[in-house]
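Dear colleague,

I am passing on the structure below, and after it I have set out what was found, with the cut-offs given where each term is used.

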Amino acid sequence: MPVAAEMPMREPWRSSDSPPAVGVPAAQGLASLRPRPWLPGVCPPRPAAGSEPSVWLIDRRRPEVQQALPELAALLSGEERQRLEAFRRDDDRERFLLGRSALRQLLGTWLAAEPRRLPVVPGPHGKPLLQLEPPGADGMQFNVAHSGDLVVLAFHPFAAVGVDLERRRPGLLWQPIARRMLPPQTVERLVQLPPAAGGEEFLQQWCLLEAGLKARGVGITGRRAGASQPLAPSQWWTLQLPVGYWGGLCLLAPQPEAARREEGGAWADGDLPRTLADRAALEEALARLFPTAAGSLSPLRGGVAAAAARLASLDPIAYGRTRNHLDGAVTGLSPYIRHGVLTLAEVREAVWTWLEARGYRSQSRRADARQLAGKLINELGWRDYWLRLWLQLADGIWHDLDPLRTGHPATAYAPDLPPDIAAGRTGLACMDAFVAELTGTGWLHNHARLWLASYVVHWRRVRWQAGARWFLQHLLDGDPASNNLSWQWVASSFSTKPYIFNRANLERFAGDRHCRSCALAATGGCPFQASYESLELRLFPAASEGSQPPAAPSPGWGSTDQVPTDDGPPPALQRPIVWVHGEALGPTNPALRAWPAAPALFVFDRALIEALGLSRKRLGFLYECLLELPVTLRQGDVADEVLAFAARHGADGVVTCAAVDPRFGRIRERVAARLPVRVLEPEPFVALDPAPDLRRFSRYWRRAEPAVWRGFG
């Protein structure tokens, strides 16, 4: 069965690529600094001008620190106290309180100012800055980091400083992160070390990478923007910390004002904001920019950093064993894959790395590897299959691929979603809970998607297209490939029979969390309380009698209604712009990699947003992904905006990444009528030549599965 919600990522950086991070030195041979311990109330002298930063360490396990905690909140600003109260975990609350209160106490002492009134504000990319009037009244630079039980603060009188701190993480899958984030020569050195030593050295290199980027004021999310722009002259140190912790420190030489301008090139009227202090500021910006988008931000954050954290917790074996349960070990990667933040090939490689780290690459254990991790690889195959079908069917994906096998004519299904379903007020505790999660978070477990879709189509007799449009409004991973074809699978226009479920099935995979609180279940009114045989007779009486509606031609099979990516030799471009679209929002976008210094643009497609009624959750997720890329943001007619951006930069053409959505092809044609367009192909999940038979997944997978597993060696 297809798992549309679990479409887990792409090949690591090759040695021939530009490294995705700034030029970070190897930790070996660097000088080290020992931070001085700091306790609440301690006021050391102001750092003097010199070559080394002043670095202080807080250990929250110390009794003196714990005793001072209740009084420290008085040092915070009003906004910081609100942030403090918003933390759900005590550990997070304590680390934030210690870092900000120590920062304000030290700065207040050195500047003879009241700590809570100091204007410590987020910089363009979130790094805290001291914003005094007049500008430049004091050049004190600082940075804060925390992990586990430790907090580190670094200060310098005038030079930008960055510090990072990491605690040992048992079981961390560091190899995929290293390949994605670190320069190839560093990765090559790390993988040659024994596993334990390699993991520790990775954490040290990671701290140096973060410290360098934080010194620059962009954080890890800015690493791609810095790929082609080395750091200013800098000094580096490792930190001497308690056992189980690693730290890095970077100090930048002062730069001319022109060099400190925000990255991204010329700013023009109509460019969307990239400097947002926090998610509240993002929410306000979205409400202003897209007033028709309903709802609020999803708790799931967009961007590579969030995706990398998900990837690091990957467990293919647990996934295979538990993925059908609502509390199972699902990956949560589908939103990032849908928008190209991660790619299928990256997930595949992460699975190989996970298996290799546990000894499954040996000849004697490869069969076990295939059995244990096969479910996750299979789900990646489903995602690849959906995309191939979408490319073949184009807009035909919105039509029944086969006649319905329910015994009901198409006219028996309502064209619109009933209001009680959309509002989550059906009276069925399970369905209403699924709707609340869908509309509140923008994500829903695949099994819950199937149950909800089945209820909409078969119990409420609504056309699957209405349900598919509804899901696309809210799902962060929503695209017509996996979404529409999964709805068709449920409806029976892309399967041998309609998909239904009963209460026993729901309780098997969801427990009794919904049924025990459902008034209808308690009073015998549950519509799912029956055997499958009884439900089929009730829902599909005509089909049970052997009657079927007349067959209709299947739309789109074998269709070639798609725009080719290259018409003849690619144009020779000297000054192109890069057009970034919603299927390639990651650092492996081949256009960004091929032209790292070219001006890049993303356009929010106003007509598409309004036509689909996209929620603020979806737009916010996209926005967070884009803030990690070196792109100018606009909204409007995509083709017009791309052409205007090219004119603004004197470009002689456009470079972009291939996309599956047929809308991309139509926009490309409009741009190509005015300027040369070069479309670069991303790396495929699996290369199959000749093209496979896509009439059923099983036919595709017979060809694809052996080819995929050959990559495991």
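Cys 250 counts as buried because its relative accessibility is 0%, where buried means under 20% relative accessible area with a 1.4 Å probe and protein chains only. Cys 515, at 12% relative accessibility, therefore counts as buried too. Cys 515 is in no disulfide, since the nearest cysteine sulfur, that of Cys 526, is 6.1 Å away, and a disulfide is taken as a pair of cysteine sulfur atoms within 2.5 Å. By this rule the count of disulfides comes to zero.

Please bear in mind that this is a predicted model, in which local features need pLDDT of at least 70 and side-chain atom pairs count only at pLDDT 80 or more, while totals for chains, interfaces and linings use all residues. Residues are numbered from 1 along each chain as its sequence is written, and side-chain values use heavy atoms, with hydrogens and water left out.

Asn 484 lies in helix α17 (residues 482-491), helices being DSSP runs of H or I with at least four residues, numbered from the N terminus. Asn 484 is buried, with a relative accessible area of 0%, and, leaving aside residues up to four places away in sequence, touches Ile 397, Trp 398, Trp 464, Ala 468, Leu 472 and Asp 479, contact meaning heavy atoms within 4.5 Å.

Elsewhere, the axes of helix α12 (residues 366-393) and helix α27 (residues 697-710) come within 10 Å and cross at roughly 125°, with axes fitted to C-alpha atoms over the stretch in contact and angles running from 0 to 180 degrees between N-to-C directions.

With regards

How values were computed
Helices (H or I, at least four residues) and strands (E, at least two) are DSSP runs, numbered from the N terminus. Buried means under 20% relative accessible area, exposed over 50%, partly exposed in between (1.4 Å probe, protein chains only).
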